[in-house]
Amino acid sequence: MSLPHNFKRITLHLARTHDHPNGSERHGYDIVAPLDAAGKIDADAWRSRRDVCRVRRFWMGEEDQVGHLVHRPGGKGGHTWIFDYDPDREDDDEAAFRLGDHVLQIGEYVSIKDDMDEMHTFRVVSVLNAD
């Protein structure tokens, strides 16, 4: 089944850190989400096809985690985007800091708080049509 043209596969790689001074392509996320004309997540399009809005977390030395992109009430602006890997648990969720405010285009940065409550910064390295 083909997705509408505004659904994109966004790849994030870990930005520069103390342990990874050049960043890391072995630590990151692949996200399938609809983007509006400005390159921000389109919440209305997400609502219509939330079943295909997926996240894959890849982290060197760990098994990949696959889950859903979820929009929840709360947080700055009254909502928060999270990555939910198990709908029966909340302790595995990862919150994307103000993800709805970010333009998701190559070279931009996004911060994500992992399930251990540690914030990491990622760089958008690709935005492709999701087929």
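Rings of Phe, Tyr and Trp (its six-membered ring) pair if their centres lie within 6.5 Å; planes under 30 degrees apart count as stacked, over 60 as edge-to-face and the rest as tilted. This is a predicted model, in which local features need pLDDT of at least 70, side-chain atom pairs count only at pLDDT 80 or more, and totals for chains, interfaces and linings use all residues. Residues are numbered from 1 along each chain as its sequence is written, and side-chain values use heavy atoms, with hydrogens and water left out.

**Exercise 1. The ring cluster**

Find the aromatic pairs and work out which residues they link into a cluster.

Solution. 
Step 1. Count the pairs. The rule gives four aromatic pairs.
Step 2. Take tyrosine 29 and phenylalanine 83. Their ring centres are 5.2 Å apart, with 50° between the planes, and the pair is tilted.
Step 3. Helices (H or I, at least four residues) and strands (E, at least two) are DSSP runs, numbered from the N terminus. Tyrosine 29 is in strand β2 and phenylalanine 83 is in strand β5, so this pair ties together parts 54 residues apart in sequence.
Step 4. Check burial. Buried means under 20% relative accessible area, exposed over 50%, partly exposed in between (1.4 Å probe, protein chains only). Both tyrosine 29 and phenylalanine 83 are buried.
Step 5. Take tryptophan 59 and phenylalanine 122. Their planes meet at 65° and their centres lie 6.2 Å apart, so the pair is edge-to-face. Tryptophan 59 belongs to strand β3 and phenylalanine 122 to strand β8, so parts 63 residues apart in sequence are tied together.
Step 6. Check burial again. Tryptophan 59 has 13% relative accessibility, so it counts as buried. Phenylalanine 122 has 0%, so it is buried too.
Step 7. Join the pairs. Tyr29, Trp59, Phe83 and Phe122 form a cluster linked by ring pairs.
Step 8. Look for a charge over a ring (NZ of Lys or CZ of Arg within 6 Å of the ring centre and within 35 degrees of the ring normal). Arginine 57 lies over the face of tryptophan 59, 4.3 Å from the ring centre.

**Exercise 2. The core**

Say which residues touch the most other members of the largest nonpolar core.

Solution. 
Step 1. Define the core. It is a set of buried Ala, Val, Leu, Ile, Met, Phe, Trp, Tyr and Cys residues joined through side-chain atoms within 4.5 Å.
Step 2. Name the residues. The largest core has 28 residues, and Leu12, Tyr29, Ile31, Leu69, Phe83 and Leu99 touch the most other members.
Step 3. Find the strands. At least two core residues come from each of β1 (7-14), β2 (24-34), β3 (54-59), β5 (79-84), β7 (109-113) and β8 (119-129).
Step 4. Look at β2. Nine of its 11 residues are buried.

**Exercise 3. Strand pairing**

Trace how β1, β2, β3 and β4 pair.

Solution. 
Step 1. Use the rule: two strands pair if DSSP finds at least two bridges between them.
Step 2. Start at β1. Eight bridges join β1 to β2 in the antiparallel sense. Lysine 8 has alanine 33 in β2 as its bridge partner.
Step 3. Move on to β3. β2 and β3 are antiparallel, with five bridges. Isoleucine 31 is partnered by valine 55 in β3.
Step 4. Inspect the turn. The hairpin of β3 and β4 has five residues between the strands, and glycine 61 takes a positive phi near 85° there.

**Exercise 4. Two faces of a strand**

Sort the side chains of β6 by face.

Solution. 
Step 1. Recall the pattern. In a regular strand the side chains alternate between the two faces of the sheet.
Step 2. Apply it to β6 (residues 94-97). Glu94 and Ala96 point to one face and are buried.
Step 3. Find the neighbour. β6 pairs with β7 over three bridges, antiparallel. Phenylalanine 97 stands opposite serine 111 in β7.

**Exercise 5. A histidine in β8**

Describe the setting of histidine 120.

Solution. 
Step 1. Locate it. Histidine 120 is in strand β8.
Step 2. Check burial. Its relative accessible area is 14%, so histidine 120 is buried.
Step 3. Find its polar contact (a pair of N or O atoms within 3.5 Å; within protein, one must be able to donate a hydrogen and the other to accept it, and residues adjacent in sequence count only if both atoms are side-chain atoms). The side chains of histidine 120 and aspartate 114 make one at 3.0 Å.
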